[in-house]
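Trainee: Before we discuss the model, could we look at it together and go through its contacts step by step?

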Amino acid sequence: MEAFNNGSRLADYEMDGAGLIGRGKFSVVHRTRRKRDNKRVALKKIQVFEMMDSKCRNECLNEIKLLQSLGHPNIVQYLDAFIEDNELHVAMELAERGDLGGLIKRAASAGTPLPEGHVWEYFVQIADALRYMHSKRVMHRDIKPANVFIMDTGVLKLGDLGLGRYFSSKTNMVHSTVGTPFYMSPECIQGSYYDWKSDIWSLGCLLYELATLRSPFFTEGLNYYTLGKKINKRAFEPISGAFSAELRGLVDHMIQVDPAHRLDSEAVYAVAVQRVGSSFSTPGMDGGASTGVPVPMAS
Ligand SMILES: Nc1ncnc2c1ncn2[C@@H]1O[C@H](COP(=O)(O)OP(=O)(O)OP(=O)(O)O)[C@@H](O)[C@H]1O
């Protein structure tokens, strides 16, 4: 048992219903109840933990402690973490209504674009979460629709924070990057470095996808090399003129090849919150920037 362990055990949680929510490359997530207060939580088991060397394990555990200390209405809260059976278990707030990737996919297959007011209402919550993370000196490193979770209240929360790089390879390079290639910034594609502004590139891709229902650099048949070329040239289809100049302009100021030319997370949030306050606004649950619009249920 490592010092990190705060006494929690797997036995403190029981499966809720069918249990399994889904699997990732190195992880499996279950729907559980915490016995002491009957709270419904998502319990993520990370399977490759035992394959990491002790330095990497310690870095990872320290990062989890940092992530546990974050508290924001639009960030999936890490509740607990412990090691048992040589595997790492992380308990988090449970998102009952899936993720933004699913919502975008359903809108795309129905051929129904999201109204611009909804795009801003969704986006401002993610921008708020990211500016908070950056103010705490934490990078996300894997912003994408599938990592934005939908709570039963309709509030959106940014999840899957920053840990992926510990599990992406057994050779844990200091500057290793992970990310969905479609949202990867030019500097990451080139393998140079990960920067605060790399999160902004990905956030720009996410705003583009909310508006167009497709990723800016997606086309059929791309491989890593051809995708990289498109990204380096920022070769994407313009967003329809049906969307406001402000939305198109904000995307343009985030998807910039030179990180120095991208807005920072405070500036992005400032634009978004102004738009939510404008005539595009759809009433949120309680009128604040972090409340969310009612989100259609997954069918
Ligand atoms: N807090 C949560 N509440 C509800 N569902 C969650 C939560 N966290 C993750 N999930 C879901 O659990 C499944 C597995 O997630 P996980 O983070 O392990 O991998 P992934 O992100 O899907 O894949 P990858 O390993 O490629 O990053 C996904 O369907 C994800 O949406």
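Trainee: How many residues surround the ligand, and which are the closest?

Mentor: This is a predicted model, in which local features need pLDDT of at least 70 and side-chain atom pairs count only at pLDDT 80 or more, while totals for chains, interfaces and linings use all residues. Residues are numbered from 1 along each chain as its sequence is written, and side-chain values use heavy atoms, with hydrogens and water left out. A residue is near a molecule if one of its heavy atoms lies within 4 Å of it. The ligand is surrounded by 16 residues, and the closest are Lys 25, Ser 27, Lys 44, Glu 93 and Ala 95.

Trainee: Which side chain has an N or O atom 2.8 Å from an oxygen atom of the ligand?

Mentor: A polar contact here is a pair of N or O atoms within 3.5 Å. A polar backbone atom of Glu 93 is 2.9 Å from a nitrogen atom of the ligand, and a polar side-chain atom of Asp 160 lies 3.1 Å from a ligand oxygen atom. The side chain at 2.8 Å from an oxygen atom of the ligand is that of Lys 44.

Trainee: Which strand supplies the largest share of the shell around the ligand?

Mentor: Strands are DSSP runs of E with at least two residues, numbered from the N terminus. At least two shell residues come from each of β1 (13-23), β2 (27-34), β3 (39-46) and β5 (87-93). The largest share, 3 residues, comes from β1.

Trainee: Why is the pair of Tyr 208 and Phe 236 given its particular class?

Mentor: Rings of Phe, Tyr and Trp (its six-membered ring) pair if their centres lie within 6.5 Å, and planes under 30 degrees apart count as stacked, over 60 as edge-to-face and the rest as tilted. The count by this rule is 6 aromatic pairs. For Tyr 208 and Phe 236 the ring centres are 5.5 Å apart and the planes stand at 80°, so the pair is edge-to-face.

Note on methods:
Polar contact = N/O pair within 3.5 Å; in protein donor to acceptor, adjacent residues only side chain to side chain. Helix = DSSP H or I, 4+ residues; strand = E, 2+ residues; numbered from the N terminus.
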